[in-house]
Amino acid sequence: MGTGLKVTLGSDLKLLDTAKLAFDDFMEAIAAGGEDFRYWCWVGIQEALANAIRHGNSGKPEIPVEFDIETTGRGIRFAITDRGKGVVLEDIPDPTAPENLLCPSGRGFLFIENAMDRVSTKGEPGSFTLIMEKDFGGK
Amino acid sequence: MLEIQEKTVGTVIVLNLKGKITIGSGDAALRTYIEKLLGEGHQRIILNMARVSYLDSSGTGELVSVLIKMRRSGGELKLLNISQKIKDILQIAQLFSIFEVFTDEAEAIASFLADK
């Protein structure tokens with residue numbers, strides 16, 4: 001089992017800065033990954049947290065979002081859990097399709113997919129988790 | 001937090017941006033500022049992004065949204081001095097086909113005259 005950190009946040013976008021500080025502290029503590037690695041990790045985390053707050057928990061501050069970080073043998077695993085119904089990743093429209101290119105929204109998951117090496121989901125009644133893994137030396 | 005400094009060069013407005021354009025932090029500020037400029041009749045705007053440290057999907061969407069508003073009102077929005085990381089973000093979103101991007105302010109300003 002790797003080194004881990006669990007942060008529970010209220011569903012308030014202002015708390016993204018708190019999550020960023022926790023992430024930065026964790027990365028400093030494990031002394032892993034360069035600036036680019038950390039940047040792309042945060043791209044994925046920030047989008048996933050924003051989705052969990054806005055869509056999963058409908059922006060209700062009293063509903064928690066859980067943010068877990070854990071080192072694995074080859075990288076870092078991030079899990080973001082909200083209390084929403086979740087999404088089927090394959091059903092998310094492609095924001096780069098010509099008909100969607102000028103849409104003002106819908107690019108969050110595209111950024112997550114590009115930032116991370118693997119993305120999966122786990123859903124239970126009343127709980128949805130997005131799991132993102134980034135490998136040291138990955139993309 | 002996004003700081004916006006405005007500079008006028010002839011009929012062109014250059015907005016020097018500093019900070020993040022992200023959800024709840026900068027996206028609304030940029031929208032409000034550009035809507036104000038549009039309301040005042042300005043139609044040629046350059047966003048100098050040299051000191052924009054982070055752009056997320058909401059910020060990206062906001063750039064698209066203000067570009068569309070500008071074009072619908074007969075104006076144009078151009079980007080200046082984007083960092084490599086923001087280039088990467090725009091590349092992922094495949095938005096280089098819709099934005100004009102410059103690395104030199106004088107060239108960006110001159111391009112509006114060429115658009116006439």
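**Entry 1: the contact between chains A and B**

I began with the contact in this predicted model. How many residues does each chain bring? I counted 17 residues from chain A and 14 residues from chain B. Next I looked up which elements of chain A take part. On the side that touches chain B, α2 and α3 (108–115) of chain A each give two or more residues. Then I sorted that side of chain A by class. I found nine nonpolar, five polar and three charged residues.

**Entry 2: E62(A)**

I stayed with chain A and looked up E62(A). This residue sits in a loop, between α2 (35–56) and β2 (65–71) of chain A. Is E62(A) buried or exposed? I found 8 other C-beta atoms within 10 Å of E62(A). A residue counts as exposed at 12 or fewer, so E62(A) is exposed. I also checked E62(A) against R107(A). They are 45 residues apart in sequence. In space, their C-alpha atoms are 27 Å apart.

**Entry 3: chain B as a whole**

I moved to chain B and noted four helices and five strands. In what order do they run? From the N terminus, I read β-β-α-β-α-β-α-β-α. The radius of gyration of chain B is 13 Å, and the globule rule gives 13 Å for 116 residues, so chain B is as compact as a globular protein of that length. I took the box along the principal axes. The C-alpha atoms of chain B fill roughly 30 × 25 × 25 Å. Of the 116 residues in chain B, 38% are buried. I then turned to contacts in chain B with a separation of 6 or more. Residues 24 or more positions apart account for 72% of them.

**Entry 4: helix α1 of chain B**

Which residues of α1(B) are buried? I listed D27(B), L30(B) and I34(B). They lie on the same side of α1(B), because they cover an arc of only 70° around the axis. I recalled the general point: an α-helix has 3.6 residues a turn, so residues three or four places apart point the same way.

What covers the buried residues of α1(B)? The cover includes β1 (2–9), β2 (12–21), β3 (44–55) and α2 (57–72) of chain B. On the other side of α1(B), I found T32(B), E35(B), K36(B) and G39(B) exposed. Last, I looked just past the helix. There G41(B) takes a positive phi of about 95°.

Notes:
Residues numbered from 1 in each chain as written. Chains lettered and ligands numbered in written order. Predicted model: local features only at pLDDT ≥ 70, side-chain atom pairs only at ≥ 80, totals over all residues. Buried ≥ 20, exposed ≤ 12 C-beta atoms within 10 Å, placed from the backbone. Arc of directions from axis to C-beta. Contact = placed C-beta atoms within 7 Å. Rg over C-alpha atoms; globule rule 2.2 N^0.38 Å. Nonpolar A, V, L, I, M, F, W, Y, C, P; charged D, E, K, R; others polar.
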